[in-house]
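This report describes selected helices and loops of one protein model. Please view the structure below before reading on.

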Amino acid sequence: EAIESFKACVEFDPTFSDGWFQLAGIYSKTDNFEAEAAALAAGLYHNPDSPGLHLANGARLKRMGDYQAAIREVERAIELRPEEATPYTELASLYIIESDYTKGIELLKKTLSIESLHPLALSTLTVFHISEGSEEEARENIARVMLQPRISREDREDLVAKFRQKFGSNP
């Protein structure tokens, strides 16, 4: 039913980028990846400057293992909306997958400069600092993690446990 509703929306107005985004998301959640790709391609055809569609297509390409194409799509999303934090985190994950840790960490820090308590960037950077033995940075990040309600209690406790295990003290 939702699929038909969003199809009707984008048929009525092909420039309705949110309709294409929602349609692709439904296809993805129902494991209809071919239809997801088609919806994103059509959406981008009609809305080439939609950062959300470029980001969604980047996530799709990442799932497919086409990391270089995903990087290009996410970079385009950033170019179109540089003030949004989430694309930087997505791009960071792609660079980390590609083993460019320096670039990945730089992008996580950029995310936090835009949204200081971004949960994924904050958690990932904290784990990185713990694993690298950067006690002071890890301690500072854990203090920020404790302020972030979007990070679950279990995940916060896990980060504290990792800190204790690595450094032998409480953060």
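The model discussed here is predicted. Asp31 has a relative accessibility of 57% and therefore counts as exposed, since the cut-off for that class is over 50%. Asp31 is found in the loop between H2 and H3.

Most residues other than glycine have a negative phi. Asp31 is not a glycine, yet its phi is positive, at about 60 degrees.

## Helix H2

Asp31 follows helix H2, which covers residues 17-29 and has 13 residues. From its first C-alpha to its last, H2 reaches 18 Å, close to the 18 Å expected at 1.5 Å a residue.

Which residues of H2 are buried? They are Gly19, Trp20, Leu23, Ala24, Tyr27 and Ser28. The cover over these buried residues of H2 includes helix H1 (2-12), helix H3 (33-46) and helix H4 (51-64).

## Helix H4

H4 has 14 residues, which should span 20 Å at 1.5 Å a residue; the end C-alpha atoms of H4 are 20 Å apart, in agreement with that value. Just after H4 comes Gly65, with a positive phi of about 90 degrees.

The buried residues of H4 are Pro51, Leu53, His54, Leu55, Ala56, Asn57, Gly58, Arg60 and Leu61. The partners against which the buried residues of H4 pack are H2, H3, helix H5 (67-80) and H6.

## The pair H6 and H7

Helix H6 (residues 86-97) packs with helix H7 (residues 101-114) at an angle of about 165 degrees, and their axes are 8 Å apart. H6 is therefore roughly antiparallel to H7, because angles over 145 degrees count as such. The crossing of the two helices H6 and H7 is left-handed.

On the H6 side, the contact is made by Tyr88, Thr89, Leu91, Ala92, Tyr95 and Ile96. H7 contributes Tyr101, Lys103, Gly104, Leu107, Leu108, Lys110, Thr111 and Ile114. Sorted by class, the contact of H6 with H7 contains nine nonpolar, three polar and two charged residues.

## The loop between H6 and H7

Where does Ser99 lie? Ser99 is in the loop between H6 and H7. Although Ser99 is a residue other than glycine, its phi is positive, near 70 degrees.

Is Ser99 exposed or only partly exposed? Its relative accessible area is 47%, so Ser99 is partly exposed; this class lies between the limits of 20% and 50%.

Notes:
Residues numbered from 1 in each chain as written. Predicted model: local features only at pLDDT ≥ 70, side-chain atom pairs only at ≥ 80, totals over all residues. Heavy atoms only, no water. Helix = DSSP H or I, 4+ residues; strand = E, 2+ residues; numbered from the N terminus. Expected span 1.5 Å × (residues − 1). Buried < 20%, exposed > 50% of the residue type's maximum accessible area, 1.4 Å probe, protein only. Contact = heavy atoms within 4.5 Å. Axes fitted to C-alpha atoms, helices over the stretch in contact; angles between N-to-C directions. Parallel < 35°, antiparallel > 145°, perpendicular 65-115°, else oblique. Left-handed = near helix turned anticlockwise from the far one by under 90°. Nonpolar A, V, L, I, M, F, W, Y, C, P; charged D, E, K, R; others polar.
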